[in-house]
Amino acid sequence: MEKQKGDKFTFTWIIENFSMCHGSRGESLGSPEFVLNSLPGMKWRVEVFAQDCYEGNDICIYVTRDDNISDLCTIKCTAQILDWNGRIYCSITNEVEVENSDDLGFLCAFERNYLLHSLVHDILVIKCTFQPVGDSNKEDELPELSYKNELFTDVVLRTGDSTFRAHKAILSVRWPKLLEMLHAEETCEQILDVKPDVLEAMLEYVYTGKLNCSEPEILANLHLARIKYGFPSLQCTPYVDQKARTIITMEKISFEWPIKNFSSLPINSILYSHVFSVNILESCRWNLKFHIHKDDIYGRVFDIFICKLYDIKSKP
């Protein structure tokens, strides 16, 4: 697949209520899909694993694909973890290889407890800048197909005293209306009633998809030419930045559990509360587990766990 070197794309993902991002090992929270202009057809996604498969205290971030293209793709990525105020917790740059939707490209990892205690307003920001890595074997690269070098051109476009040459194959995809005009007149030459700099800007857009928006006069003439000659819709620059926001739904509840004769409970006592549910997860049932034990340093201590029940009435 052709890669446009030097093209960078930044994806910023804002996750609100991040402390509520829980999941068993192997479960992840996925971002909305995004695409890189230099890798057409490939759909990308960032995955956050609240518990790493190997180290339960780490939160790991990966990049993966969600498309049917089997090409192995290598991208260079700078991943930054920030809080709402822009404070950077970590910034890592590496190259990852992703072949299909089953592959995960590791970006970075950080210690969960430290991050959760440091976040402002419980908002995590993940900012990733991607850049495709091209094949380093220069001998296998094909020459660039451009209207400027006139290599293999088979169409002549004239305006005033200027002449430009182009390729029917490119026009058939990027400017089909012009090719229809050529076929209708059974010719390979066409005179266009536009200024030379406008026609050159049109060809530049056809071949590269890029347009210089710093010349208002050319832009105005381009829009007129688009109507007259069926030129494709204009987009000044390809997307180089995209932001997405995920809000983890949460509900605060108050729960009281009186434990009688607490001070006289023997070591290794285990107690369970009554079962309860919450509105946002009505199909799930929960209870609390209380475990009192002895610690070598602190002596008599206790742990409290929240447990999800699995039975016929509860969905997993």
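Modeller: Helix axes are lines fitted to C-alpha atoms over the stretch in contact, and the angle between two axes runs from 0 to 180 degrees between their N-to-C directions. Two packed helices are described by that angle and by the distance between the axes. The model discussed here is predicted.

The part to examine is helix 4, which covers residues 196-208 and has 13 residues. From its first C-alpha to its last, helix 4 reaches 18 Å, close to the 18 Å expected at 1.5 Å a residue. After helix 4 comes Gly209, with a positive phi near 75 degrees.

The angle between helix 4 and helix 5 is about 75 degrees, and their axes lie 10 Å apart. Angles of 65 to 115 degrees count as roughly perpendicular; helix 4 and helix 5 are therefore roughly perpendicular to each other. On the side of helix 4, the contact is made by Asp197, Val198, Ala201 and Met202. Helix 5 contributes Ile218, Asn221, Leu222 and Ala225 to this contact. An α-helix has 3.6 residues a turn, so residues three or four places apart point the same way.

Which residues of helix 4 are buried? They are Val198, Leu199, Ala201, Met202, Leu203, Tyr205, Val206 and Tyr207.

The wider setting may now be described. The chain has 316 residues, of which buried residues make up 36%, and its secondary structure comes to 5 helices and 16 strands. Among contacts between residues at least 6 apart in sequence, 59% join residues at least 24 apart.

The largest nonpolar core has 37 residues. Those with the most contacts inside this core are Phe18, Trp44, Ile61, Ile81, Ile126 and Phe130. At least two residues of this core come from each of several strands, including strand 1 (9-16), strand 5 and strand 8 (123-132). Strand 5 supplies the largest share, 5 residues. A second, separate core has 27 residues, and Tyr205 is one of them, as are Leu157, Leu171 and Leu211. Tyr205 is also among the buried residues of helix 4.

With neighbours within four places in sequence set aside, the contacts of Phe18 include Val48, Ile59, Leu115, Leu124 and Ile248.

Strand 5 (residues 73-83) pairs with strand 6 in the antiparallel sense over 10 bridges, and Thr74 has Glu97 in strand 6 as its bridge partner. Strand 5 also runs antiparallel to strand 8, with 9 bridges joining them; here Ala79 stands opposite Cys128. Strand 8 is in turn joined to strand 1 by 8 bridges, again antiparallel, and Thr12 stands opposite Lys127. Strand 8 is mostly covered, with 7 of its 10 residues buried.

Technical notes
Residues numbered from 1 in each chain as written. Predicted model: local features only at pLDDT ≥ 70, side-chain atom pairs only at ≥ 80, totals over all residues. Heavy atoms only, no water. Pairing = 2+ DSSP bridges. Helix = DSSP H or I, 4+ residues; strand = E, 2+ residues; numbered from the N terminus. Expected span 1.5 Å × (residues − 1). Buried < 20%, exposed > 50% of the residue type's maximum accessible area, 1.4 Å probe, protein only. Core = buried A, V, L, I, M, F, W, Y, C linked by side-chain atoms within 4.5 Å. Contact = heavy atoms within 4.5 Å. Parallel < 35°, antiparallel > 145°, perpendicular 65-115°, else oblique.
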